[in-house]
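Hi,

Here is the structure I promised to pass on. Have a look at it first, and my notes follow below.

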Amino acid sequence: MDLVNTEVVSYGQRHDLLAEPSHLIAWIDTLADAGYINYEQFRAPIAQWAEEALPELRSLRSFLRLQFERMADGVRAEEGWITHLEAIIERAPFAYQWRKERMLPVPVGAPEAALLSIIALNAMQLLASGQLQHIHRCGNHECVLLFIDSNPRRKWCSMKICGNRMKVTRHQKQKKQEQAKDI
């Protein structure tokens with residue numbers, strides 16, 4: 001989901017948060033800090049292969065966005081989407097190493113293929129866990145973010161961002177209607 005949500009809409013314009021190699025490096029650093037990825041999963045420093053990885057990463061993001069949006073809309077993912085993810089993993093299949101008291105999947109292959117392999121594996125793990133049954137679009141029609149939550153009452157990707165915006169917009173609309181009645 002983190003990859004899919006690296007495209008956002010601000011003031012009606014779609015923005016790619018992975019537009020440059022430095023953005024990819026920062027994104028991977030964020031994932032590493034959160035424990036979702038480990039630098040030891042790559043054979044070379046990110047700065048050496050980030051530019052080469054960007055086009056394929058954006059392509060995988062578009063592919064996953066399409067599948068996840070279909071699921072959020074109650075439509076089945078495209079036939080063969082799992083086969084596509086499996087093919088990505090085959091380019092950098094996993095070996096396992098013992099790191100920090102746990103097994104670390106380490107893709108064997110070029111670093112950019114390794115990154116895609118990790119993402120494909122994570123997407124398949126989301127499916128296997130059943131979490132994709134709880135994927136939703138943000139209730140703000142201008143927002144493109146997706147989220148996973150089993151709470152059927154949740155509407156927004158973030159209460160701090162879209163939820164607050166929508167509440168403020170609704171309040172302003174009500175205030176204008178009340179003022180119009182008073183005139």
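Let me start with Glu7: leaving aside neighbours within four places in sequence, Glu7 is in contact (heavy atoms within 4.5 Å) with Arg14, His15, Arg61, Arg65, Val144 and Leu145. The side chains of Glu7 and Arg65 are joined by a polar contact of 3.3 Å; that term is for a pair of N or O atoms within 3.5 Å, where within protein one must be able to donate a hydrogen and the other to accept it, and residues adjacent in sequence count only if both atoms are side-chain atoms. Glu7 is buried, at 15% relative accessible area, where buried means under 20% with a 1.4 Å probe, protein chains only.

A word on the basis: this is a predicted model, in which local features need pLDDT of at least 70 and side-chain atom pairs count only at pLDDT 80 or more, while totals for chains, interfaces and linings use all residues. Residues are numbered from 1 along each chain as its sequence is written, and side-chain values use heavy atoms, with hydrogens and water left out.

Leu64 touches Trp81 and Ile119, among others, not counting residues up to four places away in sequence.

Best wishes

Note on methods
Buried means under 20% relative accessible area, exposed over 50%, partly exposed in between (1.4 Å probe, protein chains only).
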